Amino acid sequence: MIWNPEAETMPRAELERLQRERLQTLVRYVYERVEPYRRRMQEAGVSPDDVRHLQDLTKLPFMTKQDFRDHYPFGLFAVPREQVVRIHASSGTTGKPTVVGYTRRDLQVWAEVCARCLAASGAQPGDVFQNAYGYGLFTGGLGMHAGAELMGLLVVPASGGNTERQVLLLQDFGTKVLACTPSYALTLAEALLDRGVQPGQLPLRYGVLGAEPWTDAMRRQIEEKLGIAAVNIYGLSEVIGPGVANECVEERNGSHVFEDHFLVEVVDPQTGEPLPYGREGELVFTTLTKEALPVVRYRTGDVASLNPEPCRCGRTFVRMSRVLGRTDDMLVVRGVNVYPSQVEAALVGIPQLSPHYQIVVTREKTLDELEVRIEVDPSFHQEVGGLDPAPPAVQELQRRAEQALYGVLNLHARVTLKAPGSLPRSEGGKLRRVVDQRRL
Ligand code: DLL
């Protein structure tokens with residue numbers, strides 16, 4: 001179902017008129033209230049009056065994560081501290097967390113866009129919804145919680161982790177819609193299979209999965225093992241949290257960006273130049289309705305492309321592709337750019353391999369070494385009777401995997417095959433797949 005048909009199926013011309021009006025209001029608002037951003041605009045020689053058309057957006061300076069660091073914790077807020085009724089924070093890989101704030105109206109907008117996500121993912125009012133995103137400073141838990149309540153789902157606020165209990169809740173409460181990270185969905189799928197619960201045996205039907213990168217190969221695995229439709233949800237704290245974009249269950253082919261609240265652009269990560277529809281580049285968002293912490297041209301670091309084709313579901317909002325990589329998690333190994341998603345793409349065609357992998361980069365003496373550790377599929381493992389010592393079939397599999405990686409990366413990576421269950425699993429939150437030991 002479509003939660004807000006009036007907004008979500010608005011004709012493009014009408015949508016663009018609304019966006020233009022909101023953008024003009026926003027730029028003035030930010031200019032008047034957020035000192036660091038006003039200074040940036042003055043330095044760039046633009047004033048709010050220069051924004052007359054949507055295209056004028058590109059005259060405006062960017063914001064980045066560095067702005068959040070420089071004005072930690074509350075320096076980018078556009079309202080007096082007393083009007084902020086909620087704080088969230090995302091832990092970066094280094095240093096202080098990124099802090100975001102919401103007014104009461106911001107929380108209403110957030111619930112609205114999260115309700116849209118749930119509806120787009122297949123949820124219907126009355127469904128049992130198990131929310132296994134972490135509650136707390138992370139935006140996932142409380143964000144989805146409010147959206148689900150607004151929609152009239154029965155919310156099971158499970159939070160992340162405690163797999164044993166999640167499985168019990170899934171079985172006993174008749175959960176129909178599950179929300180968690182895709183890596184945790186795999187953990188739960190395996191836990192159910194271990195207990196002899198076959199896919200489709202439970203009432204579970206839909207997964208609202210996101211907060212970390214995943215691939216279509218992983219989607220197939222999750223759908224098969226859980227017997228569900230797995231739908232991608234995208235968002236980031238700086239923009240609002242979950243609820244920026246969501247796939248529709250009808251097509252599951254790109255996430256509709258809720259463009260009445262968030263303007264989206266794709267830019268060249270090097271030059272910052274806007275790129276046309278279809279081209280891959282860095283996603284940039286401008287919030288059109290946020291009060292406490294509006295952002296203007298916020299550079300996400302997420303690499304994706306946009307697709308304006310009409311969609312079968314009836315939504316008129318543009319669709320963003322999967323996040324193909326991050327401008328900052330790109331590994332440069334011996335001068336070659338390597339994205340974790342490429343590694344996954346290279347290996348999915350090999351049925352004897354599982355979706356559990358880890359990328360390790362080391363530097364012995366001067367040369368970077370790339371190692372990909374990957375678990376073999378449990379049935380293959382059983383068939384060959386273990387990996388140590390490696391029987392010929394295992395050696396052959398390793399060679400095939402190395403060739404496949406060379407084909408995609410143009411770089412030799414050593415493949416280490418691992419027994420099922422030996423690599424780290426998601427314990428409820430985001431899974432870190434890359435270990436870069438060169439930084440140690
Ligand atoms: O992860 C918000 C969220 C919660 C989204 C629950 C979806 C579901 P942060 O912790 O600030 O916010 O992390 C944001 O996570 O810039 C992306 O790099 C990554 N990310 C989020 N969703 C996806 C996705 C939440 N569907 C950062 N695919 C973003 C790939 C994603 N990456």
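Visitor: Why is Asn 162 called partly exposed?
Guide: The relative accessible area of Asn 162 is 44%, and the class called partly exposed lies between buried, which is under 20%, and exposed, which is over 50% (1.4 Å probe, protein chains only), so Asn 162 counts as partly exposed. This is a predicted model, in which local features need pLDDT of at least 70 and side-chain atom pairs count only at pLDDT 80 or more, while totals for chains, interfaces and linings use all residues. Residues are numbered from 1 along each chain as its sequence is written, and side-chain values use heavy atoms, with hydrogens and water left out.

Visitor: Why does Ser 159 count as buried?
Guide: Ser 159 has a relative accessibility of 18%, and it therefore counts as buried. Ser 159 is in the loop between strand S4 (154-156) and helix H7 (163-172), and Asn 162 belongs to the loop between S4 and H7 as well; helices (H or I, at least four residues) and strands (E, at least two) are DSSP runs numbered from the N terminus.

Visitor: Which peptide bond of Pro 73 is cis, and what joins Asp 388 and Pro 389?
Guide: The bond from Tyr 72 to Pro 73 is cis, with omega near -5°, and Pro 73 sits in the loop between helix H4 (65-70) and strand S1 (86-90). Asp 388 and Pro 389 are likewise joined by a cis peptide bond, with omega about 0°, and Pro 389 lies in the loop between H11 and helix H12 (392-409).

Visitor: Why is His 381 called partly exposed?
Guide: His 381, a residue of helix H11 (residues 378-384), has a relative accessible area of 22%, so it is partly exposed. Beyond residues up to four places away in sequence, His 381 touches Val 376, Gly 386, Leu 387, Ala 419 and Pro 420, where contact means heavy atoms within 4.5 Å. The C-alpha atoms of His 381 and Ala 419 are separated by 7.1 Å, although the two residues are 38 apart along the chain.

Visitor: What makes a set of residues a nonpolar core?
Guide: The set consists of buried Ala, Val, Leu, Ile, Met, Phe, Trp, Tyr and Cys residues joined through side-chain atoms within 4.5 Å. The largest such core has 73 residues, and those touching the most other members include Leu 23, Leu 118, Tyr 234 and Phe 285. Helix H5 (residues 104-120) gives the largest share of this core, 9 residues. Apart from it lies another core of 28 residues, including Ile 350 and Leu 417. Tyr 234, leaving aside neighbours within four places in sequence, is in contact with residues including Gly 243, Leu 283, Asp 302 and Met 320.

Visitor: How do you know that the radius of gyration agrees with a compact globule?
Guide: The globule rule is 2.2 Å times the number of residues to the power 0.38, and the radius is taken over C-alpha atoms; with 440 residues a compact globule would come near 22 Å, and the protein has 22 Å, so the two agree. The C-alpha trace spans about 70 × 55 × 40 Å along its principal axes, and 54% of the 440 residues count as buried.
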